[in-house]
Amino acid sequence: MTSLTSGSRSTARTRGGGDVARGLFRLSKIFVYQNHFGWGMAWLTLSPQARDRPGTTAAMLLFLLGSMGIVTCTCATDDLVGFRNGSDARNYKAGDTKRDIRGKPLLSGAVTEREAVRFIACAASVAVLAGIGAFWALDWRAPAVAYVLYGVGFFFSVQYSAGLRLSYHRGGAETLLCLATTAGLLAPYLAVERHWSSPAVLVGLLLGLWLVMVSSYSNVNDAEGDRSVGRRTLAASTGPRVYKTAMVVFVLVSATLICVLALATPWPWWTLLTLLPATVLHTAQLREGPVRGRWLTARKLGLYGYDLGFLGLLAPALFLLA
């Protein structure tokens, strides 16, 4: 760990402003567009009356900015903790994974610890101020649960690695990822729509579950490094039988939620068809991961499945808008 820190300081002396900016951009993870699927679906699932209310557009744009602040704060904090405890160094050993170390700017020396801490503080400020601005744009008429979901979602998201360290408890990483993603959709939706709807809840849960179906495969690849620092993801704290069974259950729950959305809500029945490609890829993940042991390939399929899932939700959402 000492040699890593020394190398980072040596690199820092040769960095320019552009290098630091690029490093902070990578640290933020805001370029991972899948992080903003919840916000996009929140806007698309609004009723025409809610979309036409004064302040809706400004509020939704501010919620997007707040979402970016939350994602940045959460991901940068996770990277900072992983750098300090050495787990990222173990998981990104040369030749050990197919991932690019530039995705970990603290490890590569593009960003220093002090810069990362300041960046996290700025991101947290943006998340708070943007959230306040969004509710102000709505004249503070949002239901109380919208305020709670935004605030609690932000608070617990940052506790993934730091503070309460929820990912260090068995099942905490998976549960937090799913529920925080759901809250990211429901907070702006409820703030503007002012009441619940079953499609919004189901869509939020689907997006959260699909993200878990990406991270769970990454966690198998990172199990050794996570286990060494006490992080108890399912892959790090259970045996292959348990986490492989969980992966099958994730696919089955996803298929069930899709059926409920298409057959028991106002969404069109053909949502089953638009979401079929995503379900096929999620099934292919089981073949590549639990069966063949190609965990990073399975993770990539999960990302493609997440994209196809969003597109599969987009088509009926736009149909309902017409």
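The second largest pocket is lined by 17 residues, with Thr 45, Leu 46, Ser 47, Trp 267 and Leu 320 lying nearest its centre. A pocket here is an open set of points on a 1 Å grid over the protein atoms alone, with protein on both sides within 12 Å along at least five of seven lines, and lining residues have an atom within 4 Å of a point. Please keep in mind that this is a predicted model, in which local features need pLDDT of at least 70, side-chain atom pairs count only at pLDDT 80 or more, and totals for chains, interfaces and linings use all residues. Residues are numbered from 1 along each chain as its sequence is written, and side-chain values use heavy atoms, with hydrogens and water left out.

- H17 gives the most to the lining, with three residues.
- The lining divides into 11 nonpolar, four polar and two charged residues; Ala, Val, Leu, Ile, Met, Phe, Trp, Tyr, Cys and Pro count as nonpolar, Asp, Glu, Lys and Arg as charged, and the others, Gly among them, as polar.

**Helix H10**

- The 22 residues of H10 should span 32 Å at 1.5 Å a residue, and its end C-alpha atoms are 30 Å apart, which agrees; the expected span is 1.5 Å times one less than the number of residues.
- H10 is largely enclosed by the rest of the structure, because 17 of its 22 residues are buried, where buried means under 20% relative accessible area with a 1.4 Å probe, protein chains only.
- Just after H10, Arg 194 takes a positive phi of about 75°.

**Annotated spans**

- An unreviewed UniProt entry places the feature "transmembrane region" at several spans, including residues 116-138 and 198-220; such annotations may be inferred rather than shown by experiment.
- Residues 116-138 are 96% helix and 0% strand, with end C-alpha atoms 33 Å apart.
- Residues 198-220 are 100% helix and 0% strand, and their end C-alpha atoms are 33 Å apart.

**Two residues to look at**

- His 282 sits in helix H16 (residues 276-291) and counts as buried at 1% relative accessibility.
- Beyond its neighbours within four places in sequence, His 282 is in contact with residues including Trp 210, Val 251 and Tyr 306; contact means heavy atoms within 4.5 Å.
- Cys 75 lies in helix H5 (residues 56-85) and, leaving aside neighbours within four places in sequence, is in contact with Leu 27, Ser 28 and Lys 29.

Note on methods:
On a 1 Å grid over the protein atoms alone, a cavity is a set of points where a 1.4 Å probe fits but cannot get out, and a pocket is an open set with protein on both sides within 12 Å along at least five of seven lines; lining residues have an atom within 4 Å of a point. Helices (H or I, at least four residues) and strands (E, at least two) are DSSP runs, numbered from the N terminus. Buried means under 20% relative accessible area, exposed over 50%, partly exposed in between (1.4 Å probe, protein chains only).
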